[in-house]
Amino acid sequence: MNALRLAAQRRVRTGAAGLLLLAGGTAAVAEPFEVTFTGTIAKSNYAEIRNGERFELTLVLDNGNTTAQGQTWDMSHLQCAYWRMNNAGDVRLAQPITLGNNVGVVGTISTDGSGALVDMMSMVYSAPVFTYTTAGFTATLLTNVVWYAHGFNPVLMIGTRRFSEAEGNGIRMTPADWSAPRPSRRVCDAAVVPPSPDGGPAAIPALSGGTLGLLAALLAWAGRHRLARTTSARRRA
């Protein structure tokens with residue numbers, strides 16, 4: 001009799017594990033990806049942005065898919081433009097890209113079956129930027145913020161201040177000059193330092209309402225089954 005009870009318990013655990021795997025499979029949700037251009041600062045007349053050091057422009061993209069393989073992103077999929085200046089990344093500007101935030105795009109971004117970039121937008125710009133956050137700038141009030149990614153200098157202008165890319169041709173819009181798309185954990189807020197692309201925990205996928213309901217039903221079923229087995233065993237004892 002004990003052997004029969006043990007076998008039944010094993011079947012319950014196996015069934016529960018299978019349902020949990022099924023629930024986990026249905027929990028996959030779309031996630032944003034990001035691509036980054038890295039250049040060298042030149043001709044800067046900002047006190048806080050240092051010539052000869054690194055800068056990055058990262059574009060965050062979300063087209064509703066969960067993989068970077070065989071994808072295409074257009075203007076409607078842009079979520080954020082995140083600028084990071086100096087080797088320490090201590091000067092930042094983040095622009096949420098929404099309707100009415102004055103962003104222009106020419107072309108699309110696309111990947112092949114391996115997730116490698118095969119097409120890059122030929123131009124992305126905001127002139128001027130209406131909504132943004134900053135960190136590390138010496139001026140507390142920034143006006144007439146303009147930036148261009150289109151193969152020409154300068155690249156970031158705020159009033160009379162500006163800097164260029166050291167190679168002389170601005171932010172280059174060829175796939176080889178941008179990182180391959182990778183999952184983005186970036187918050188579009190300059191006050192939040194973005195995590196290292198290769199470090200830090202990955203975001204935990206959110207569970208949909210249907211998946212949460214399935215898990216709740218599974219736990220309730222398992223509890224009732226265990227109670228029934230325990231009651232039956234006590235009656236037979």
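Visitor: What is the handedness of the disulfide of Cys-80 and Cys-188?

Guide: The torsion about the S-S bond of Cys-80 and Cys-188 is about 80 degrees, so the disulfide is right-handed. The two sulfur atoms are 2.1 Å apart, where a disulfide is defined as a pair of cysteine sulfur atoms within 2.5 Å. Please keep in mind that this is a predicted model, in which local features need pLDDT of at least 70 and side-chain atom pairs count only at pLDDT 80 or more, while totals for chains, interfaces and linings use all residues. Residues are numbered from 1 along each chain as its sequence is written, and side-chain values use heavy atoms, with hydrogens and water left out.

Visitor: Which parts of the chain does the pair link?

Guide: Cys-80 belongs to strand S4 (residues 78-85), whereas Cys-188 is in the loop between S14 and helix H2 (209-236), so the pair links distant parts of the chain, 108 residues apart. Helices (H or I, at least four residues) and strands (E, at least two) are DSSP runs, numbered from the N terminus.

Visitor: How many disulfides does a search of the whole structure find?

Guide: The search finds one.

Visitor: And is Cys-80 buried or exposed?

Guide: Cys-80 counts as buried at 3% relative accessibility, while Cys-188, with a relative accessible area of 24%, is partly exposed. Here buried means under 20% relative accessible area, exposed means over 50%, and partly exposed lies in between, with a 1.4 Å probe and protein chains only.

Visitor: Let's turn to aromatics. How many aromatic pairs are there?

Guide: The structure holds ten, counting rings of Phe, Tyr and Trp (its six-membered ring) whose centres lie within 6.5 Å, with planes under 30 degrees apart called stacked, over 60 edge-to-face and the rest tilted. One of the pairs is Phe-33 with Trp-73, which is tilted, at 6.2 Å centre to centre and 50 degrees between the planes. Phe-33 lies in strand S1 (residues 33-42) and Trp-73 in strand S3, so this pair ties together parts that are 40 residues apart in sequence. Both Phe-33 and Trp-73 are buried.

Visitor: What about Phe-37 and Trp-178?

Guide: That pair is tilted as well, because the ring centres of Phe-37 and Trp-178 are 5.8 Å apart and their planes are at 50 degrees. Phe-37 is in strand S1 and Trp-178 in the loop between strand S13 (161-165) and strand S14 (182-183), so the pair ties together parts 141 residues apart in sequence. Phe-37 is buried, with a relative accessible area of 0%, and Trp-178 also counts as buried, at 6%.

Visitor: Which residues do ring pairs link into a cluster?

Guide: The cluster consists of Phe-37, Tyr-46, Phe-55, Trp-83, Phe-137, Trp-147, Phe-163 and Trp-178.

Visitor: New topic: where is Gln-71 found?

Guide: Gln-71 is in the loop between strand S2 (54-61) and strand S3 (72-73), and at 9% relative accessibility it counts as buried. Its side chain makes a polar contact of 3.0 Å with that of Asn-63 and another of 2.8 Å with that of Asn-65. A polar contact is a pair of N or O atoms within 3.5 Å; within protein, one must be able to donate a hydrogen and the other to accept it, and residues adjacent in sequence count only if both atoms are side-chain atoms.
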